[in-house]
Amino acid sequence: MKNEKRDFSNSKIFIIGDVMLDKYYFGCVERISPEAPVPIVKIGKEESRLGGAANVANNIASLGGQPLLCGAIGYDFFGKEIEHMSKQKNIRTMFLKVPCPTITKARIIGGKQQIVRVDYADRTELKNNDQKMLREIVRSYLPDYDVLVISDYGKGLISEEFCTYLIRYAHKIGKKIIVDPKGNNWKKYSGADIVTPNVKELSDIIGYSVPNTDRAVEKAAREVLEANQLTSLLVTRSDKGMSLISDIPPIHIPTHSEEVFDVSGAGDTVVATLSLCLAAGYDMTTAMKTANIAAGIVVKKIGTATLTIEELTQN
């Protein structure tokens, strides 16, 4: 697949979910604080990056696709920052403004080591009028898109009722549905074409720690599929690659990366690349292999990262 020309310019992806801002403060550790046994980080650089559902949209835009990002942000500076960054990156947005803080995660990095993460917001509880508005946005715009991505970070937007509505409506108009899951209620994802947990999320939903082996992942995935009436699971397995468990024989693909610096956001890259491939008409095996290559590229980068179509083509 190396040097194979890929063109996602006609792939249109509708992303709905928990929109976040990721803040990074990079510096160096020179001494321990006299006030407490903690390192003092001298900050040299600050960065803001799109996170959560916005990172999925950013990956799609970076690979040349056409994303529409739908979610909730607050009436605050962080919300304005997300709007500004989305516009800069050519991401079309339909944001609902809510009286809650914009979900923001701030990470302090000393050298290549994350020292601490500070979260500015937790859950976004939507009122009935807000949910009604989101449904109207979905009905107005989803028919023009190829794939629906539900990016659930457990922050309140993707409630059981709303998620069920999204999947039913997408099926009704013939759209493929990919879900990046969170939490312990996966019955709300019933009817989705692909659900993309990592091994920890698979362990959380099944109730025991799943060893990261082909056989153990396959066994747990089949239990989850049956219990939640799901079609297929694409399990991302960090340094072990990924596995597709569905009604066909399981497919296990080894990792494409020899080095892993940071897995944060890699799941978003997998979802983004998978959705683009399916929208472009790739078969599932090819889409999975391409997503695996993309994940292998971003885990070599620190923090929430994206990749370009040139990087994907060269690997």
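Student: At what angle do helix α3 and helix α4 pack, and how far apart are their axes?

Tutor: In this predicted model, helix α3 (residues 128-141) and helix α4 (residues 160-172) pack at about 15 degrees with their axes 11 Å apart, where axes are lines fitted to C-alpha atoms over the stretch in contact and angles run from 0 to 180 degrees between N-to-C directions. Local features need pLDDT of at least 70 and side-chain atom pairs count only at pLDDT 80 or more, while totals for chains, interfaces and linings use all residues; side-chain values use heavy atoms, without hydrogens and water, and residues are numbered from 1 along each chain as its sequence is written.

Student: Why are α3 and α4 called roughly parallel?

Tutor: Angles under 35 degrees count as roughly parallel, over 145 as roughly antiparallel, 65 to 115 as roughly perpendicular and the rest as oblique; the angle here is about 15 degrees, and α3 and α4 are therefore roughly parallel to each other.

Student: Which residues make the contact between α3 and α4?

Tutor: With contact meaning heavy atoms within 4.5 Å, α3 contributes Q131, L134, R135, V138 and R139, and α4 contributes E161, F162, Y165, L166 and Y169.

Student: What makes F78 and Y120 an edge-to-face pair?

Tutor: Rings of Phe, Tyr and Trp (its six-membered ring) pair if their centres lie within 6.5 Å, and planes under 30 degrees apart count as stacked, over 60 as edge-to-face and the rest as tilted. The ring centres of F78 and Y120 are 5.3 Å apart and their planes stand at 70 degrees, so the pair is edge-to-face. Because F78 lies in helix α2 (residues 77-88) and Y120 in the loop between β7 (113-119) and α3, the pair ties together parts that are 42 residues apart in sequence.

Student: Is each of these two, F78 and Y120, buried or partly exposed, and why?

Tutor: Buried means under 20% relative accessible area, exposed over 50%, and partly exposed in between (1.4 Å probe, protein chains only). F78, at 18% relative accessibility, therefore counts as buried, whereas Y120, at 44%, counts as partly exposed.

Student: How do you know that T196 is buried, and where does T196 lie?

Tutor: T196 has 4% relative accessibility and so counts as buried, and T196 sits in the loop between β10 (194-195) and α5 (199-206). Leaving aside neighbours within four places in sequence, T196 is in contact with I178, V179, D180, P181, E201, L234, V271 and L274.

Conventions
Helix = DSSP H or I, 4+ residues; strand = E, 2+ residues; numbered from the N terminus.
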